[in-house]
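Please keep the structure open while you read.

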Amino acid sequence: MAGWEDFSGINRGYVLELYERYRHDPSSVDDDTRRYFERWSPPADEPVSAARPQEERRSERTAAIVGAVALAQSIRRYGHLAARIDPLGSRPPGDPLLLERTHGVTEEDLKRLPAAIIGGPIATEAADAAEAIAALRRVYCSTTGYDLAHIFVPEEREWLRESVERGRFRPPAAPVDERALLERLTDVEVLERFVHRSFPGKTRFSIEGLDMLVPVLDTAIAGAADAGIGNVIIGMAHRGRLNVMAHVLGKPYEQILAEFKDPLQSRSFREDMAWSGDVKYHAGASRSIADEESRLVVTMPPNPSHLEAVDPIVVGMARAAGTRADQAGAPSFDPTVSLPVLIHGDAAFPGQGVVAETLNLYRLPGYQTGGTIHIIANNQLGFTTLPEEAYSTSYASGLARGFKIPILHVNADDAEACVAAARLAFEYRARFRRDVLIDLVGYRRYGHNEGDEPAFTQPLMYQRIASHPTVREIWARALQERGVVDEALPDALVRERMDALQRTLDALRPEEALVEPQPELAPAGAARRARTAVPLDRLRALNNALLKLPDDFSIHRKLEKARERRRQVLDDPDARTIEWSTAEELALGSILEDGVAIRMTGEDVQRGTFSQRHAVFHDVKTGAKYTPLQGIPHAKAAFEIHNSPLSENAVLGFEYGYSIQSPSRLVIWEAQYGDFINGAQVVVDEFLVSARAKWGQEPSLVLLLPHGHEGQGPDHASARPERFLQLAADVNIRVANCTTAAQYFHLLRRQAALLVDDPLPLIVLTPKSLLRHPFVASAARELSEGRWRPVLDDETVAKDQVKRLLLCSGKIAVDLFTSDDRQSAREAAIVRVEQLYPFPVDDVQAAIASYPAATDVVWVQEEPENMGAWEFVRPHLEALVGQRRLAVLARPRSSSPAEGSAARHARNQQLLIRRALNPQGSPREEATHVTENRGET
């Protein structure tokens, strides 16, 4: 048997029971146990009574031991239910399992039992089980509730419990600089009070009631600095944002006060309209903290309103900051480089689905960050919505339990407990590279905004808040009682800071303090000057490299056939043999050779939704993986491609954040179907297309959106180009719908070339059935000698004989060119507008002018008339057609983007094509119609 010190808890009780049985009847135990007890007896502090009949004593003692151990385990598991985490004093819910009587024990029973049966560090300091249980209650049922029962990894669970019970991160084991904390809380409170007094009625979404958020962030940042972390990236909504920017990000008081004055700066109307800016509590900030040995950059990216959409953006930025991609092959990720911190609202955390999507990323390959510190800024209230109306879980943090994230509920009025929670959270994250959550429970001193009256809807709560002292006042009183500060100091600190802020305001010239980060426009013509052609010999060498496999790698036989065909695609430079996927891989490979790193993600993106890409091969015998784009001999940068979870909102946000943090890398996200962009519309609207005008950010993210009406129903037809075009302004995005593999090749290479000189998001409406269509295939010479062409003219007609000019974009052009009716419609020319935005006015004008006999210009699209590009191109075309008639040919206006029947789709598509090419011979019963700019026909 092991030594006595090796037993604890119920096991120690069981040994004592065996020993009593041995004393009564040595033959009642097995031979090994009997021989052991012949040489051993319990220590003196482990009483073994013989006053009553042995069986009765043994039964009672066993029941007491079992009850005491069960009580201790219940306190460890459920003690948070009795913790006093509400500063406003509401009664904790409690649980019967936390009561002695539930487990059949009394205080006297516990006093008779040794502390050792309780186990853990607490037992070593207690005289008996009663003292140990009382100590457990002080730890687990105090102003911090440790919600850890769902942590299933034994090493993590034991480290957390041992840290908590030893008080490793609390005084006296880890002292707090009491005077510094008082001064910090004074800074936080005084700024809010001063602004409230100086700018009555101005919205600021104050931090008051959650003032300890700033010291909590201070603690995490200090830990990051000590650990040599280079980047701390903080994401948060508007609650407390201005205070955090002032005191954590170092935004000058002058700037903040100037923004409250909000003067009208003198700029021309055009400049002012091009630069919209944003409200002060949505803006971002950055701060560099450096010493002789290290440099830490603290960043808070902009975020609109209460949205949790910033969550994946922050973790994407953290992933990019920690990723090294300047060498060929796969990139490497170092989790010690960056620390993401997300501050959530208590109503938003359970209420917005992007939170769950973001939490789901944190252990996935390609998305891991080494752990995020989550903080719920819990004011126990939404706008006017109470917790029971806002979430179905017991806590606002309930969602995190499913992801096995430790949760620390802490009373925001207990300053030392908050600091201890922050220390514990940082150390857990640093040790285990996992997410951790602090539920900082406070209150909201004013309404949702400072002009709102919260007592209309929560009168009782706000009666308590009105008479409740601030955390600064509570901490000051505690320090006075400890004799750390005298009674006069706290008020003196307040007056000192109030006076300093008043002097700052009095001296302010806000028109000089306000400097908005307006982005500089790229030199005119930068996109047109980009060189994208790749010499043929280089393309052949690249193609050969991409076709090589490791020795003994067994590829699927169906893929081998396609690879064999691929070996000859560059032999004849004029043969149209290069399909879409080949052009894509050659483009990406050449970009890597140019030294630009590439990250590509999306649902099933490694194989491709239509089994067209096969960027990652799988050995049919071993399951081993091989990525050809990571094996290019002359590559100078890394390539990564990851299948994403079934998420658009969080994943697109993640990639947006990645591209913002690492703007020199080509970041590509592909939707499984273009319609799936619907699930990420918030990221598109609030960040991708508007970040330049609001915040001066310059994203360059590429979106590949499979688009085209092919009879697969309303939800597999449209990538909603009309939405992007409606949001296009001031050259904020590029939108393309190309119809050849060569065009796609040059489009990708142009995007990579413009990452530094002219960064813009690129929206590509990619094909589905056209991926292998012969018409879309290109010749090698088009790659080696061509360039991106915003407009493709019709080279199959005699221009002076054309009476009807058809303008179109994307798949409809291929349907027109390959239709049987095309042969008898030589009076119609088909001109493809490959770039929809910025709209190529000069190219379209030149194309129209090159058909002098054309009397009709028709925009043809397969989308309904109220969708697609028509409403966007119409004003441009009206200005360009001159005296020609302008019309649109499209499906009827509809609330649904496509037919649900493949047969109905095929019929309508046939009628649409026929009417476009031969309007005189089309039947009247067709489902399409023409709307002209001078009436309808």
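K251 touches M245, A246, I256 and E259, leaving aside residues up to four places away in sequence; a contact here means heavy atoms within 4.5 Å. The model is a predicted one, where local features need pLDDT of at least 70 and side-chain atom pairs count only at pLDDT 80 or more, while totals for chains, interfaces and linings use all residues. Residues are numbered from 1 along each chain as its sequence is written, and side-chain values use heavy atoms, with hydrogens and water left out.

K251 sits in the loop between α10 (241–247) and α11 (253–261). Helices (H or I, at least four residues) and strands (E, at least two) are DSSP runs, numbered from the N terminus. Is K251 buried or exposed? K251 is buried, because its relative accessible area is 12%, and buried means under 20%, exposed over 50% and partly exposed in between (1.4 Å probe, protein chains only).

A325 and G595 are 270 residues apart in sequence, yet their C-alpha atoms are 9.7 Å apart in space.

P175 belongs to the loop between α7 (154–166) and α8 (178–198). P175 counts as exposed, at 59% relative accessibility. Between P175 and E416 there are 241 residues in sequence and 9.1 Å in space, C-alpha to C-alpha.

## Rings and charges

A pair of aromatic rings is described by the distance of the centres and the angle of the planes. Rings of Phe, Tyr and Trp (its six-membered ring) pair if their centres lie within 6.5 Å; planes under 30 degrees apart count as stacked, over 60 as edge-to-face and the rest as tilted. How many aromatic pairs does this rule give? The count is 21 aromatic pairs, and two of them are set out here.

| Pair | Centre to centre | Angle between planes | Class |
|---|---|---|---|
| Y19 and Y22 | 6.1 Å | 35 degrees | tilted |
| Y428 and F432 | 5.2 Å | 45 degrees | tilted |

Y19 and Y22 are separated by about one helical turn because they are 3 residues apart in helix α1 (residues 9–24). Both Y19 and Y22 are buried. Ring pairs also link Y19, Y22, Y36 and F37 into a cluster.

Y428 and F432 lie 4 residues apart in helix α18 (residues 415–432), about one turn of the helix. Y428 and F432 are each buried.

Charges meet ring faces as well. A charge sits over a ring if NZ of Lys or CZ of Arg is within 6 Å of the ring centre and within 35 degrees of the ring normal. R599 lies over the face of Y658, at 4.8 Å from the ring centre, and K799 lies over the face of Y851, at 4.8 Å from the ring centre.

## The whole chain

The protein chain has 36 helices and 28 strands. Its C-alpha atoms fill a box of roughly 120 × 80 × 60 Å along the principal axes. Of its 937 residues, 58% count as buried. Among contacts in the protein chain with a separation of 6 or more, 79% come from residues 24 or more positions apart.
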